[in-house]
Amino acid sequence: MGKYILKRCGYIVVVFLIISFLMYSLYNLIPNDPARAQLEGLRSSLKPAEYEAMYQSLRDQMGLNDSLMVRYLRWMGLWTDTDGKTFNGLLQGNFGYSNLFKRDVIDVIVDPMSNTIFINIFSTILSLAITIPLGIYCAVHKKKKFDSATQVVTMLGYSLPVYIIALVFMFLFCVNWRIFPVMGIKTAGIEYANNWEAFTDKLLHVTLPVIVMTFGSLGGMTRYVRSAMIEALSMDYIRTARAKGLREKIVIYSHAWRNALLPVITSILGWFLSIFSGSVVIENTFSLSGMGALYWQGLNNNDFELVLAIQMFYSIVSLVGSLLIDISYGLVDPRVRVDK
Amino acid sequence: MANNKKQFFLVRWFKRMFLGHDQEVRDLLKEEQVQTPFKMMAKNFFHKRTVQVGLTVFILIFLFVTVGPVFFPLDLSDQDSTLINLPPGYSMMKLPAAINGKVADIAPGNTYGIGLDTDGHVHTWGVTRITDKIDLKDIPEEVQNADLVRLAAGSDHAVALDANGQLYVWGNTRLSQNKYSSDMTKHMKNAAKGKTSEEWDIIQLEASNQFSAALSSDGTLYLWGNGNMADIKIRSKYQGKVAKVALTNNEYICLLKDGTVAYAGYKDKGSPFSNIPKDLKKETIVDIAATSSTVAAVTEDGRVYVWGNAVKGENKIPELASPISKLYGGRFHYTALLEDGSVVSWGNNKYHQTEVPASLQGKEIASLYVGNFQNYAVTTDGEVHSWGLKGFLMGTDELGRDMLTRVINGGRVTMTVGAIAVIIATIIGVLMGGLAGYFGGKTDILIMRISEIVGGLPFIPFSMILSAVIGSRLDSNQKMYLIMVVLGVLSWVPTCRLVRAQILAQREMEYVTAAKAMGIKVMTIVFRHILPNVLSILLVSMTLDFATCMLTESTLSYLGFGIPLPQPTWGNLLNGANNSVVIQQYWWRWVFPAVVFGLCTICINMIGDGLRDAVDPKSAER
């Protein structure tokens, strides 16, 4: 097992390097010149020759004259910085400088990150708490009325784009019934008396996004659990278990469910990723300041160091996610030997 | 035979009595009838209720977006400030029953109409709402009670004159639409006291975009309203000589009492209307009219001259059967009453505003009222005939564009992008999967690693980046192709895995061994022998991918990283709909695209599910 994890980690590093290199070179396709941008203010006050000299020295200083590979490695922290001695890159914790916010990317990211995690934890727990029991119930009571109704609702859930669901829910809950605020992560211009108040206000603002997110992810997951469970329930060992006179609860939850878990875990991978990408849409629709909204903002304002950093974050999440799934395979199902 | 429903027992008994035993079970030949797998699939497929519904609705939507553009062609530059945010409906020319048959005056506004009946009551119809506070339907009490004689309707305000010489303005009055000049208030005060004068004997009342005009019988022209927008001053050499006035969008021209036309405003050389045609100076003018950006004059012998910015065909005067006696102007068209009593319209015909109805032929016309895109003809026996813009089935958006046209054309774009992206993804997926599955070994490992990398990229963020980085210098059409390719290149992984798994299973089959033994080339075995066996499953995944690709495209466009406006897609139609004003007040701007798009993806998924059940009957058990 340990060897397998090590091997996978090595693989992750390689893949991450490839992805990051691809992304980095993609960004270098964009014609932009930070040195010129920085000197733009001085242009009129300097003589052309003086300006040119200053520009060239600044380019050297920024390392813009080096080859793409060198710049990439420097950005990564695997090559010495322009002074030739120190390393100052991603691996050293320098995520770059955001032109949009005029701050280091790492400082920009902290707040939205906490918001995104706050929302996603709620929606993940809620979704799992709904989809798994629902899927099992539908599988056990297959082709009954409740099952058919659930099939229709879940079909809606995965056929409709998230933003349409968001608009409909906004119309119902914010405009029609006025239960939740339309957008934002906190009430505008509010001063909180204490932490508890701040927490409840935040909770009120994220409730609707969480509901929308859950509804959107409900469809695929419920169907997945249901079909895995039906598959498991049709097996011979279930008949055996019933013949032995085991209680139906034990048959379902102990015998069938544990076997149905395996395919379910696979699909959590896709889900794990879609929470991050899905949040781009939801955070934008509800104007929540999360990672997705930040990413969108950065892309719209050509703040590419910020975007690159977030993209790296997304890639690592997905890579580590897939590793976790593979390992949990082995833990859940003793038949699967991941190290083979 | 399982499909035969068990009939009611009495029916069965009667049948048995007269027709003998049920034949169905005994007919072994029929029971054992051999069907090809394809026939079986088709039967299973078409017999499902969900598939039938899904297929029907999908075909309808498909026809809607493929045939629709023929009838509702998209004009990307199309926009109209007078038709902004109109709700769905065809009420713009629907006169209330109370006024029918006893019309005294009609004032056609931009999207609404105001009518005065012979009893002195005022009626409104059409889209009267200007903002959420201002509605022209809310006629002030004093106007209702007054004994009105004349009406005029502007872009967002209405003007009325009563028999005592008092003016009333309602609607939007925030931009000084009701700010009369000092001599007007003086005249009105005098009139209220019962003093009548030639100077305040109003014979013509007009209203246009935020300004209004009143003309008295002695030739004095009064203008008031938003002076920042409109030219509301008159040169003193023309004052007192005006016989008729015609208002364009924010300027005006006058017909003088000596039979000449004059541009009396202060813009002079800057105005396109001051450039009066030379031929016209020798003629005697009897009537004038104006559209939003052109003016026209009718000469004594019934010919018409048009000048100004005639960009919508206002100057394309048709062959006239008889001389013109009266001329009226809409927004982009003219309607003329000829001396033989017939009506002719010309100019822009986008909303059928120049198509004079045949039912008008032979009728004697008492009066004609022409507004924005509307025409009303009142015959001598009191009938009202109208033609022009009735309204919009799905309303209009924030730039005055027809939502129906945009939904249809947006669907065409979204479906095309989805279809081509699926085709690209399938081609790549089949190639990669086929190679990986058949050859195995190092090829397999390499391809699977690549597919893991591509599959591991977070989809939406990555396509956003590609679209932003590559697409920054592309135009709308090129960006469409870019999105197709990006979606295709990023979504081939599931297809590849599917094909690989299928081929791994098929590779061990005997027919492949036989083919190998016959010395058939490897590529031929993979793509001509194995692939057809995988095709049915591939078809299922393509159907489901089609929906997914459409969803992704629309999500990207919704976020502003897909196909840019003004090219509509089902995604970017909803761009900007996420604020409470649009959600509540302009619901038609998001409900219609959302409903059509939602229906479409649901139907595709239904078809895909049905197809899967038909291809793989085991999955139907689930």
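Start by selecting B:P564: with 18 C-beta neighbours inside 10 Å, B:P564 counts as partly exposed. For that label, a residue is buried with 20 or more other C-beta atoms within 10 Å of its own, exposed with 12 or fewer, and partly exposed in between, the C-beta atoms being placed from the backbone. Before going on, note that this is a predicted model, where local features need pLDDT of at least 70 and side-chain atom pairs count only at pLDDT 80 or more, while totals for chains, interfaces and linings use all residues. Residues are numbered from 1 along each chain as its sequence is written, and chains are lettered from A and ligands numbered from 1 in the order in which they are written.

**Around B:P564**

B:P564 sits in the loop between α13 (522-559) and α14 (580-585) of chain B. Helices here are DSSP runs of H or I with at least four residues, strands are runs of E with at least two, and both are numbered from the N terminus. Then put a distance on B:N164: from B:P564 that is 400 residues in sequence and 57 Å in space, C-alpha to C-alpha.

Next, pick helix α12 (residues 510-517) of chain B. How many of its eight residues are buried? The number is zero, so α12(B) lies largely in the open. B:G519 follows α12(B) and has a positive phi, near 80°.

**Domains and sheets of chain B**

Colour chain B by domain: domain 1 is 50-69 + 401-620, domain 2 is 94-230 and domain 3 is 241-363. Those bounds come from an automatic or database domain assignment. The C-alpha centres of domain 1 and domain 2 of chain B are 58 Å apart.

Zoom in on the open sheet β10-β11-β12 of chain B, three strands with antiparallel pairing. Strands count as paired if DSSP finds at least two bridges between them. At the edges are β10 (242-247) and β12 (261-262) of chain B, each pairing on one side only. β11 (residues 252-256) of chain B joins β12(B) through two antiparallel bridges, and B:L255 stands opposite B:V261 in β12(B).

Then move to another open sheet of chain B, where three strands run in the order β13-β14-β15, again antiparallel. β13 (285-290) and β15 (304-308) of chain B are its edge strands, each with a single partner strand, so one side of each has no neighbour in the sheet. Select β14 (residues 294-299) of chain B to see its antiparallel pairing with β15(B) over five bridges.

**Over to chain A**

Chain A has twelve helices and two strands. Its radius of gyration, taken over C-alpha atoms, is 26 Å, well over the 20 Å that the globule rule (2.2 Å times the number of residues to the power 0.38) gives for 340 residues, so chain A is more spread out than a compact globule. Along the principal axes, its C-alpha trace spans about 95 × 55 × 40 Å. Buried residues make up 31% of the 340.

**Where the chains meet**

Finally, select the contact: 39 residues from chain A and 30 residues from chain B. Among the elements of chain A that each supply at least two residues to its side are α1 (2-27), α8 (195-233) and α10 (248-285). By class, the chain A side has 30 nonpolar, eight polar and one charged residues. Here Ala, Val, Leu, Ile, Met, Phe, Trp, Tyr, Cys and Pro are nonpolar, Asp, Glu, Lys and Arg are charged, and the others, Gly among them, are polar.

Notes. Two residues are in contact if their C-beta atoms, placed from the backbone, lie within 7 Å.
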